[in-house]
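Subject: Structure for your review

Dear colleague,

Please find below the structure that I am handing over to you. I would be grateful if you could read the notes that accompany it.

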Amino acid sequence: MASELLKDKVVVVSGVGPGLGRGLALQCAKAGADIVLAARNETRLAEVAKEVEDLGRRAVTVPADINDAAACERLAETALASFGRVDGLINNAFATPPLRDLMKVDIDAVRAGFETNVLAALRLTRLLVPALEERGGSVVMINSAVLRHSRRTFGAYKMAKAALLAMTQNLSTELGPRGIRVNTIAPGYIWADNLQWYFNHLAEKRGVPMQQVYDENAATTDLRKLPEPDEVADAVVFMLSPLARAVTGQCLDVNSGEWHH
Ligand SMILES: NC(=O)c1ccc[n+]([C@@H]2O[C@H](COP(=O)([O-])OP(=O)(O)OC[C@H]3O[C@@H](n4cnc5c(N)ncnc54)[C@H](OP(=O)(O)O)[C@@H]3O)[C@@H](O)[C@H]2O)c1
């Protein structure tokens, strides 16, 4: 892994959870960046911050609910007060919308999904645009392979992520002339806590080893291996780095070839 790609850049990560959020913070730090970590769980923020510091980079934690406008303002102010600049923003925070058919799902719950997954990302991006403009910075929205299918019960999730894609494209058009790139990454499976718990649950229900459930799902991908958080995060590092300096308004699928797009 090239450790110079984000050398001395400052990257804000929203939604530092145990899966991809942590992976994003660590891979950006390995690539040379200092990290501003935001989520609601202060204990987890402190744990991931320690891991970033163990890699030799600086970490600042900001406990924040990004649905709260004042908390987002505090996040942007803290990032600038701590480092004096921001080069990258990763909108990773995510609230699972209800997995029910659109014909049955509670409309208020669908609306709530848009709050965290789309509108909060827009709010945070707007707040950091002046700082990003000064640095020729870049924004990455974390999307999902749900964009690529229309399976039952995924409607509310797909609506939110499709809106995030649309927002990425329009922000790219608006912010490109100001020197800011805006892209999105669409992971499929991510082999981390949530999926491991789910496969374990399926395996117990069927009375088979978890490895069998893994192998069956991995068999649906070209590479026969489910991507791990660091592998998805490295695609985000690429998008934030100078290697992607002519890439904006794009969606990059990171799914071991499960879906071709
Ligand atoms: N997991 C998968 O298999 C998968 C597949 C495709 C795409 N994705 C996408 O990848 C991203 C990360 O997913 P993940 O499952 O790996 O999760 P993760 O990065 O482990 O955690 C996301 C974190 O977002 C934080 N968050 C939620 N609402 C928030 C709010 N209002 N304010 C601040 N932080 C908030 C939560 O932390 P707090 O509770 O501490 O706030 C949560 O732990 C998501 O955008 C998801 O759609 C995931």
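The notes below set out the conventions and then the findings.

This is a predicted model, in which local features need pLDDT of at least 70 and side-chain atom pairs count only at pLDDT 80 or more, while totals for chains, interfaces and linings use all residues. Residues are numbered from 1 along each chain as its sequence is written.

Domains

The protein chain is assigned domain 1 (10-189 + 228-254) and domain 2 (191-226); such bounds come from an automatic or database domain assignment. A distance of 26 Å separates the C-alpha centres of the two domains. Six residues of domain 1 are in contact with seven residues of domain 2, contact being defined by C-beta atoms, placed from the backbone, that lie within 7 Å. On the side of domain 1 that touches domain 2, there are four nonpolar residues, one polar and one charged. In this classification Ala, Val, Leu, Ile, Met, Phe, Trp, Tyr, Cys and Pro are nonpolar, Asp, Glu, Lys and Arg are charged, and the others, Gly among them, are polar.

Ligand shell

The ligand is surrounded by 28 residues, of which Gly15, Gly17, Gly19, Gly21 and Asn41 are the closest. The shell comprises 15 nonpolar, 10 polar and three charged residues. Domain 1 and domain 2 each contribute at least three residues to the shell. Helix 1 (20-30) and helix 6 (193-206) each provide at least two; helices (H or I, at least four residues) and strands (E, at least two) are DSSP runs, numbered from the N terminus.

Helix 2

Helix 2 (residues 42-54) has 13 residues and should span 18 Å at 1.5 Å a residue, which agrees with the 18 Å between its end C-alpha atoms. The expected span is 1.5 Å times one less than the number of residues. Leu45, Val48, Ala49 and Val52 of helix 2 are buried. The buried residues fall within an arc of 110° when viewed down the axis, so they line one face of helix 2; the arc is that of the directions from the helix axis to the C-beta atoms. These buried residues pack against helix 1, strand 2 (34-39) and strand 3 (59-63). Thr43, Lys50 and Asp54 are exposed on the other side of helix 2. A residue is buried if 20 or more other C-beta atoms, placed from the backbone, lie within 10 Å of its own, exposed if 12 or fewer do, and partly exposed in between.

Leucine 124

Leucine 124 is located in helix 4 (residues 107-135) and is buried, with 26 other C-beta atoms within 10 Å. Beyond its neighbours within four places in sequence, leucine 124 is in contact with Ser14, Ile66, Cys72, Leu89 and Asn91. The C-alpha atoms of leucine 124 and cysteine 72 are 6.2 Å apart, although 52 residues separate the two along the chain.

Two backbone angles to note

Most residues other than glycine have a negative phi. Threonine 153, which is not a glycine, has a positive phi of about 75°. Threonine 153 sits in the loop between strand 5 (138-142) and helix 5 (155-175) and counts as partly exposed, with 13 C-beta neighbours inside 10 Å. Arginine 224 also has a positive phi, near 60°. Arginine 224 belongs to the loop between helix 7 (210-218) and helix 8 (229-240) and counts as exposed, with 11 C-beta neighbours inside 10 Å.

Yours sincerely

Technical notes:
A residue is near a molecule or strand if its C-beta atom, placed from the backbone, lies within 6 Å of it. Two residues are in contact if their C-beta atoms, placed from the backbone, lie within 7 Å.
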